[in-house]
Structures are given as C-alpha cells and as structure tokens.
Amino acid sequence: MKRPFFAPQGRRPLERLARGALLLGIFTLVAVAFQKHFEAVIEKAQRSGTIADPGRVLAEADRAWVLEQARDLRDRHGLELRVVIGGPGPAPGAVGPKTAVFLADPACQASRVLLAPLAVAALPAGFPDDLGREHLDAACRQGRLREGILASLGLLTESLDQAAGRGKGATHE
C-alpha cells in the first residue's frame, strides 16, 4: 500500500509522529498568521472608511442610511463623511478641506464633529460643537448613542442644504 504524498516519511512510528506534529504546527502557525494579518487589514480599512464602528453600535440598516448620507454629502456639497464610534479619531487639525468627521465617544464625554473650514463658515457659529456636545453626548448619556449619531448627521445634512439654498437665494422653512 502506497502512502499519500502528505503523510510524514520516517522509519519509526515515533519519528513519523514527530514529523506529523511538526507539519501540523506549521500549518497552524500559517493559519494564525493569515488570520492576524487579515484582522489588521480589516481594522485599517475600517479606520479609513466611512464608518468605523468596532462596537457595532449601528445596525446594518443604519449603516446603509449613513452611507447614503455620505453619498449625498459628497454629491451635493463635496464633503467626505467619516463616522468614528469609539477609538481615536483624527486630530482636530487633521481634517481635510473636504471632510466631515463625526467622533462619537461611547463614554459620553468627548464626542465632537469636525468639519471642513468652508462648511463651518456656512453654518451658524458653534454648530459643530453643539452637534458633538448637545446631540451626540446628550443622546449617549440617555443610552441612545445610535439615535444621536443618526439625528446629528441628519441635522448636519439639513443645515448644509439650507445654507446652500441661502447661497442660491432660495428660502427654506
């Protein structure tokens, strides 16, 4: 009877067992290394993507709505949206000229909204700070972080639409 090609070769049973264990250990090590690598790749993609939500605060329907709002902000206002729930976000000076970043703090203490300078100029004074403090943190303290994120994003979109309408001479009620 011929042995399969992957069976360990050895003269004694103990040698075959040792070679088999070594082969199994190598395969296990390679599988673990691949898993760690792809976890790091996924984490990096989440940090650089539109939504970074490691705690899964947003449901799939909410994620779809946020992505739709991101597409609308990009198409109508030229802003790239990032929503970061927990974890470190970009530094306040790191926001690009076409970026809107929602940083939601699950501890309900330091949520903030960072907007591009042109968007800040089009909105009422202190609007981004109010979104972070009075909408995101307040909703989080009530146990409704998900609703706070969605409401503040909707409020930002509506306010930018109204500012664009004022710039074109239209009136919104």
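This is a predicted model: local features need pLDDT of at least 70, side-chain atom pairs count only at pLDDT 80 or more; totals for chains, interfaces and linings use all residues.
Biologist: Which residues line the second largest pocket?

Modeller: Rolling a probe the size of a water molecule over the atoms shows where empty space is left. A pocket here is an open set of points on a 1 Å grid over the protein atoms alone, where a 1.4 Å probe fits, with protein on both sides within 12 Å along at least five of seven lines, and lining residues have an atom within 4 Å of a point. The lining of the second largest pocket consists of H77, G78, L79, P97, A116, L118, A119, A122, L160, A163 and A164.

Biologist: How many of the lining residues are nonpolar, polar and charged?

Modeller: Nine are nonpolar, two are polar and none is charged, where Ala, Val, Leu, Ile, Met, Phe, Trp, Tyr, Cys and Pro count as nonpolar, Asp, Glu, Lys and Arg as charged, and the others, Gly among them, as polar.

Biologist: In what order do the strands of the open sheet lie?

Modeller: Strands of a sheet pair through backbone hydrogen bonds, either parallel or antiparallel. Strands are DSSP runs (E, at least two residues), numbered from the N terminus, and two strands pair if DSSP finds at least two bridges between them. The open sheet has four strands in the order β1-β2-β3-β4, with mixed pairing. Its edge strands, each pairing on one side only, are β1 (51–52) and β4 (112–115).

Biologist: Which residue in β2 is the bridge partner of A52?

Modeller: That partner is V84, and β1 and β2 (residues 80–85) run parallel, joined by two bridges.

Conventions
Residues are numbered from 1 along each chain as its sequence is written. Side-chain values use heavy atoms; hydrogens and water are left out.
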